[in-house]
Amino acid sequence: MTAPLFPLFADLQGRQVLVVGGGAVAERKTEALLHTRARVRVVAPTLTPALAGLRAAGRIEWLQAVFAPGQLDDAWLVIAATGDPTVNRAVAAAAEARRMLANVVDDAALSSFQVPAIVERGPLQVAVSSGGGAPMLARHLRRQLETLLDDSWTSLAELFTRERQRIRQRFPRPAERRRFFEKVLAGPLPRLFRQQLHAQAEHHFLASLDEAAPQPRTGSVAVVGAGPGDAGLLTLNALRAMNEADVVLHDRLVSEDVLRLGRRDATYIEVGKSASGHSTRQDDIHRLMLEHARAGHRVVRLKGGDPFVFGRGGEELEFLRTHGIPYEVVPGITAAVACAAYAGIPLTHRDHAQSVKLVTAHCKDSFDTLDWQSLAQERQTLAVYMGVAGLEGLRDRLIAHGRAASTPFALVENGSRREQRVLNGTLADLPETARSHQVRSPALLILGEVAALAGTLHWFGAPPVGATAPTHSRNLPAPTLQAA
Ligand code: SAH
């Protein structure tokens, strides 16, 4: 068993580091070293074009030679990146003899220091190392951390670095200082940076420095789009908001798969609204948001699809603004976009549709407010939300206003989910088809010439039922990637 490594962040600015080797690996190491403003000297018989470019620009020094121990004399560190085991061993031995730290790329046994995988947010660096034993695992973790830390960390680290003196003067005792940071980080500061409100963030920070008494924590609401169901369609911002939430107020439409990714110890409250069955009134949703935000909680208002597409997100924002509750909005993939993609239907297509309309038509009243003349036009795609109950009226009006009875449609039920079903047909038979297949909510109607393409372009789940075009794509060989 090898001993644990001592983690170390070295200040290499202006200090010379020797890189042995002039190939692609040496190039990567050289770039990483230049980032730290080290003085890099490369020893190698030849250089890659990029290294040659750095040399021509005067950013590195080149010793056109093979490795010799004397070259270590002026250096603080050495990195052997030659891919030649004999040379690498010679570098390691020469460094050891001089009590100098050496890294041999991809050779933990020969190395006396390891270079970790790094996540950087301004002055903040997170280094991950497996001690050279499992570099892939370290890189994997690095990528996960990369998605976890949004850009507000950069601003926070810069601000705290800039104000270090002032913070120390104000809170000389470490325990006080820790409490101050905890308070500031739990408050609105990270959110203000995420919102790119830098002046406000700074102002808030200075105000909290001056305050004697700790102020009550102010809560906030993130109105977040959860997408159509497939958890893979969440954005990183949505995931981060869910990870920070104290309270999640979610619609019924939000899938289990998505909810599973949220913070475990958060409080989850279903505020589902459905045309039938139990529902929470919009006023109650507003009241819950207000109550929890005022109690200092970070609230996530999680909505199916996108919050601003038939999601009443606008009303919720107006309410929050009226009551002085800070908010942010995270868009989500709306049902029309997701259902089209998962059914193999391009919403626009050069040959078939030059525009898309997102429409909702869930009751008779909403029917009368629609501009049927324009909805009935050709060469456009209609994506109709919440349309299952009113399909008959929809068909009759569209045909009455001139849309061809032969216009293709696709009904996508449970789009992007395991249970996804796609029905194809023509406008003339739309309500009958939906009825005979017992289409249930959530379902989205895509109407227009493009809908027929589902017959050939489908790729997810079962092929569409009732497709007019041949569904031969199942028998095609898997597509191959063409080299450019
Ligand atoms: N804000 C949501 C829409 C809310 S309205 C969004 O942007 O997607 C609810 C309607 O959206 C449903 O009645 C249905 O028509 C549609 N819908 C939402 N998710 C769906 C899914 N996974 N599959 C099919 N339709 C869906």
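Asn414 is buried in this predicted model, with a relative accessible area of 15%. That value falls under the 20% limit for buried residues, which is why Asn414 counts as one of them. Asn414 belongs to the loop that links β15 (408-413) to β16 (421-426), and its phi is positive, at about 55°, although Asn414 is not a glycine. Most residues other than glycine have a negative phi.

**Backbone spots to look at**

- Asp106 also has a positive phi, near 60°, and is a residue other than glycine.
- You can find Asp106 in the loop between β5 and β6 (117-121).
- Is Asp106 buried or exposed? With a relative accessibility of 70%, Asp106 counts as exposed, because the limit for that class is over 50%.
- Most peptide bonds are trans.
- The bond from Ser441 to Pro442 is cis, its omega being near 0°.
- Pro442 sits in the loop that runs between α18 (430-436) and β17.

**Domains**

- The domain assignment divides the chain into domain 1 (16-115), domain 2 (152-211), domain 3 (220-333) and domain 4 (336-457).
- Between the C-alpha centres of domain 2 and domain 4 there are 51 Å.

- Strand β4 covers residues 77-80, and both of its faces are covered.
- Leu77 and Ile79 lie on one side of β4, Val78 and Ala80 on the other, and all of them are buried.
- Which residue of β5 is the bridge partner of Leu77? That partner is Leu101.
- To get from β4 to β5, the chain passes through helix α3 (residues 85-97), making a right-handed β-α-β crossover.

**Residues around this region**

- Gly70 lies in the loop between β3 (60-63) and β4.
- Gly70 is partly exposed, having a relative accessible area of 42%.
- Along the chain, Gly70 and Ala94 are 24 residues apart, while 8.7 Å separates their C-alpha atoms.
- Phe6 belongs to the segment before β1.
- The relative accessible area of Phe6 is 70%, so Phe6 is exposed.
- Phe6 and Leu101 are 95 residues apart along the chain, and their C-alpha atoms are separated by 13 Å.

- Strand β8 (residues 220-225) is largely enclosed by the rest of the structure, because six of its six residues are buried.
- Ser220, Ala222 and Val224 point one way from β8, whereas Val221, Val223 and Gly225 point the other way.
- How many bridges join β8 to strand β11 (residues 298-303)? There are six, and the two strands run parallel.
- The bridge partner of Val224 in β11 is Leu302.
- Strand β12 (residues 327-330) is parallel to β8 as well, with four bridges joining the two.
- In β12, Tyr327 is the bridge partner of Val221.

**The ligand and its surroundings**

- The ligand has 19 residues around it, and those that come nearest are Val309, Thr334, Met386, Gly415 and Ala443.
- Val309 places a backbone N or O atom 2.7 Å from a nitrogen atom of the ligand.
- Thr334 uses its side chain: one of its polar side-chain atoms lies 2.6 Å from an oxygen atom of the ligand.
- Met386 has a polar backbone atom 2.8 Å from an oxygen atom of the ligand.
- How much of the ligand does the protein cover? On its own the ligand has 550 Å² of accessible area, and the protein covers 94% of that.

Conventions:
Residues numbered from 1 in each chain as written. Predicted model: local features only at pLDDT ≥ 70, side-chain atom pairs only at ≥ 80, totals over all residues. Heavy atoms only, no water. Buried < 20%, exposed > 50% of the residue type's maximum accessible area, 1.4 Å probe, protein only. Pairing = 2+ DSSP bridges. Right-handed = clockwise from strand over helix to strand, strands pointing away. Domains from an automatic or database assignment. Near = heavy atom within 4 Å. Polar contact = N/O pair within 3.5 Å; in protein donor to acceptor, adjacent residues only side chain to side chain. Areas by Shrake-Rupley, 256 points an atom, 1.4 Å probe, with all protein chains shown as cover.
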